[in-house]
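Dear colleague,

I am handing over the structure we spoke about, and it is shown just below. My notes on what was found in it follow, with the cut-offs given where each term comes up.

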Amino acid sequence: MRPKASEVPSEPGEGHCTRTVEQGAFCIARCNCGWTGPARRARAKAREDAAAHLER
Ligand SMILES: [Zn+2]
């Protein structure tokens, strides 16, 4: 009997998980795939960058 792989471990580059990081006065969207958005003054803008990246 072989154990079933019920859960596939998330591999780097597989799927996209974005988050926003603050860097000084700026907010930058980042993804676990290595993508980084442009520095934004507003977190809302960084979120938009992240959303746009996820749609790709
Ligand atoms: Zn990504």
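**The zinc site**

The zinc ion is coordinated by H16 through ND1, C31 through SG, C33 through SG and H53 through NE2, at 1.8 to 2.3 Å, where donors are N, O and S atoms within 2.8 Å of the metal (3.2 Å for Na, K and Ca), and since water is not among the atoms, sites may look incomplete. Please keep in mind that this is a predicted model, in which local features need pLDDT of at least 70 and side-chain atom pairs count only at pLDDT 80 or more, whereas totals for chains, interfaces and linings use all residues. Residues are numbered from 1 along each chain as its sequence is written, and side-chain values use heavy atoms, with hydrogens and water left out.

The angles among the 4 donor atoms run from 102 to 114°, and the site of the zinc ion is tetrahedral (four donors count as such if all angles lie between 85 and 135 degrees). For reference, ideal angles at a metal are 109.5 degrees for four tetrahedral donors. In sequence, the donor residues of the zinc ion follow the spacing H-x14-C-x1-C-x19-H. H16 lies in the segment before β1 and C33 in the loop between β2 and α1, so this pair ties together parts that are 17 residues apart in sequence; helices (H or I, at least four residues) and strands (E, at least two) are DSSP runs, numbered from the N terminus.

As for accessibility, buried means under 20% relative accessible area, exposed over 50%, and partly exposed in between (1.4 Å probe, protein chains only). Not counting residues up to four places away in sequence, H53 touches H16, T18, C31, C33 and W35, contact meaning heavy atoms within 4.5 Å.

**Helix α1**

Helix α1 has 12 residues and reaches 16 Å from its first C-alpha to its last, close to the 16 Å expected at 1.5 Å a residue (the expected span being 1.5 Å times one less than the number of residues). The buried residues in α1 are A46, D49, A50 and H53. They cover an arc of only 95° around the axis, which puts them on the same side of α1; the arc is that of the directions from the helix axis to the C-beta atoms. These buried residues pack against β1 and β2 (26-31), while A44 and R47 are exposed on the other side of α1.

**Salt bridges**

The structure holds 3 salt bridges, each defined as a side-chain nitrogen of Lys or Arg within 4 Å of a carboxyl oxygen of Asp or Glu. E22 pairs with R43, the closest N and O atoms being 2.2 Å apart. This pair links distant parts of the chain, with E22 in strand β1 (residues 18-23) and R43 in helix α1 (residues 43-54), 21 residues apart. E22 counts as exposed at 55% relative accessibility, and R43 as partly exposed at 39%.

The side chains of D49 and R40 meet in a salt bridge at 2.6 Å, N to O; D49 is buried at 14%, whereas R40 is partly exposed at 28%. K45 forms a salt bridge with E48, with the closest N and O atoms 3.7 Å apart, and both residues lie in helix α1, 3 residues apart, about one turn of the helix.

Conventions: Four donors count as tetrahedral if all angles lie between 85 and 135 degrees; four count as square planar and six as octahedral if opposite donors are over 155 degrees apart and all others between 65 and 115; anything else is irregular.
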